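My notes follow in the order I checked them.

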Amino acid sequence: LMGDHVTALPEESMQNCKVDYVLTGGDYDFSLLEIAHHLQDGGPLPEGIWYRQDGTIKNTGPFRLDHDLNQLPFIDRELTKAYRYGEKWKKRQPFFYTMAGRDCPWHKCTFCAWTTTYPTFRTRRSENLLDEIGFLIEEHNAREIFDDTGTFPTGRWLTQFCQGMIERGYSKEVLFSCNMRFGYLKPEQVELMKRAGFRKLKMGLESANQSTLDRLNKGITIQQIWDDCHMVSQAGLDIHLTIMVGYPWETRTDATRTLEMARELMESGQVEMLQSTVVVPYPGTPLYEESVKNGWFLFAPHDYERFDMSQPVLKTPDMEPAEVSQLCADIYKIFLSPRFALRQLMRTHSLQDADYLWRGLKAVIGHIRDFLR
């Protein structure tokens, strides 16, 4: 087993599962190879491994995050059946994922599970990612790519990457999207990203209440969200917002404020897409510990089977669970508003655009049904 949950709770995971090994930390690919060498050649187990010996659970100590990410081979997309996975691509297939770094240079948000597995931020060289993109174009005819690093590298790294996309001609071959933080980009960087073939930035709004952003340790302001949405959209890039509902300290009025901010951003054309989820405090995060300490859970904190977004997890000051789910559905209903729909129709210039809208409509209806079950 590997991942954020077993990294936070390795002993509990082994007690509840007959697995032989638990790999803690985010460099599971390196650790898994070292386990293979251990089993085949008798080499030592790497740090951060929990295992069984003579009926007892043992471990090799804290995990390491000092491996050279540039030494990793490119993912075997056929072996991993990459065609089964994808964001809602705009116009082009095949679609693939990359990961330039692990995982976010901020790594302070109290709700983020990546803080458990990746407490330090590291990146591959920009040339290494460019080589992978070239490989995907040449070997797999890639037409759209999403980099799923928690926050795509910025600064000089971003400039070198964008220049490489342009110089190698990849900006004309693929559409490129990534995760990004508010407050991390300057106008000249966004303009360069547009020239380099970027299409969409996925960015965390989370809440329209400054007190919530501060409590989550997001390190951004509401004004930065407004300003960056305007800046990015003016440069011709799309924005995909991520939003959460059901914070244990937010009232119905607070949650409605988030709904209205999302509506204005979408209907004004500054945001092209959003996703809304209920707040789920993952084990190992400060939010989880705070929720346990304050008795915020609606059920037992270790009832992980219910952490599946089908229902609210935490109590709120003045909303019942059904109201929280309704608010999530209402946020998705913004897609169906006449003002937003008209803007999208005006951007439709081809059958591919129409297909994109149709697939989006089906997805939205599915999300609304999910929250109203």
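I started with E290, which forms a salt bridge with R215, the closest N and O atoms being 3.2 Å apart. I took a salt bridge as a side-chain nitrogen of Lys or Arg within 4 Å of a carboxyl oxygen of Asp or Glu. This pair links distant parts of the chain, with E290 in helix 11 (residues 286-294) and R215 in helix 8, 75 residues apart. Helices (H or I, at least four residues) and strands (E, at least two) are DSSP runs numbered from the N terminus.

The model is predicted: local features need pLDDT of at least 70, side-chain atom pairs count only at pLDDT 80 or more, and totals for chains, interfaces and linings use all residues. Residues are numbered from 1 along each chain as its sequence is written, and side-chain values use heavy atoms, with hydrogens and water left out.

I then looked up burial (buried is under 20% relative accessible area, exposed over 50%, partly exposed in between; 1.4 Å probe, protein chains only). E290 is partly exposed at 22%, and R215 is partly exposed at 37%.

Next I checked E144, which forms a salt bridge with R199, with the closest N and O atoms 2.8 Å apart. E144 lies in strand 7 (residues 144-147) and R199 in strand 9 (residues 198-206), so the pair ties together parts 55 residues apart in sequence. E144 is buried at 1% relative accessible area, and R199 is buried at 8%.

For the total, I noted 22 salt bridges in the structure.
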